[in-house]
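User: Could you walk me through how to read salt bridges and helix contacts in a structure like this one? I would like the general idea and then the case at hand.

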Amino acid sequence: FKEHWQRYRRLSHAFVHCDVLTDPRPLLAHIRDEPGAVMWFSNAPFTVYSNWQYMLEERQAMYDRWIDGLVEQNPRMLLYGSDYQNANVNCLEAGEYAVLYREQDRGPLGPSLRCQHAIRM
């Protein structure tokens with residue numbers, strides 16, 4: 001763990017104050033199309049705050065804008081997080097995920113077929 005932590009500390013870090021739901025542009029401006037990029041966005045589109053403040057359709061529209069922005073900046077970037085319905089997004093490239101997301105969305109009460117994809121190592 002110590003060795004891993006030391007390597008992690010040497011990575012470049014940037015902290016960007018931004019609300020990825022209402023205006024993800026400040027964060028998207030920091031993303032570069034480079035190999036090995038990873039984005040962990042946790043469950044930002046499906047938090048207590050987002051559920052209290054926004055209706056499902058609003059969260060979906062914000063999430064669509066978020067995913068489109070990530071794809072535009074780096075379609076190869078690996079994504080980890082949860083979507084506006086709290087369905088997991090794990091180890092999928094942004095471009096690949098965007099296609100699956102739009103083709104396989106079954107709505108808020110349907111199963112997410114995206115969750116059935118194997119994690120690549």
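User: Is aspartate 33 buried, partly exposed or exposed, and what is its relative accessibility?

Analyst: In this predicted model, aspartate 33 has a relative accessibility of 47%. Exposed begins over 50% and buried lies under 20%, so aspartate 33 counts as partly exposed.

User: Which residue forms a salt bridge with aspartate 33?

Analyst: For a salt bridge, look for a side-chain nitrogen of Lys or Arg within 4 Å of a carboxyl oxygen of Asp or Glu. Here the partner is arginine 76, and the closest N and O atoms are 2.9 Å apart.

User: How many salt bridges does the structure hold?

Analyst: There are 3. Another of them joins the side chains of aspartate 23 and arginine 25, with an N to O distance of 2.7 Å. Arginine 25 has a relative accessible area of 60%, so it is exposed. Aspartate 23, at 27%, is partly exposed.

User: And where does the salt bridge between aspartate 68 and arginine 102 sit?

Analyst: Their side chains meet at 2.8 Å, N to O. This pair also links distant parts of the chain: aspartate 68 belongs to helix α4 and arginine 102 to helix α5 (residues 94-104), 34 residues apart. Aspartate 68 is partly exposed at 38% relative accessible area, and arginine 102 is partly exposed at 41%.

User: Which residues make the contact?

Analyst: From α4 come Gln60, Tyr63, Asp64, Ile67, Asp68, Leu70 and Val71. From α5 come Ala94, Gly95, Tyr97, Ala98, Tyr101 and Arg102. Notice that the salt-bridge partners Asp68 and Arg102 are both among these contact residues.

User: What does the contact look like by class?

Analyst: Between α4 and α5 there are 8 nonpolar, 2 polar and 3 charged residues.

Technical notes: Residues are numbered from 1 along each chain as its sequence is written. This is a predicted model: local features need pLDDT of at least 70, side-chain atom pairs count only at pLDDT 80 or more; totals for chains, interfaces and linings use all residues. Side-chain values use heavy atoms; hydrogens and water are left out. Buried means under 20% relative accessible area, exposed over 50%, partly exposed in between (1.4 Å probe, protein chains only). Helices (H or I, at least four residues) and strands (E, at least two) are DSSP runs, numbered from the N terminus. Contact means heavy atoms within 4.5 Å. Ala, Val, Leu, Ile, Met, Phe, Trp, Tyr, Cys and Pro count as nonpolar, Asp, Glu, Lys and Arg as charged, and the others, Gly among them, as polar.
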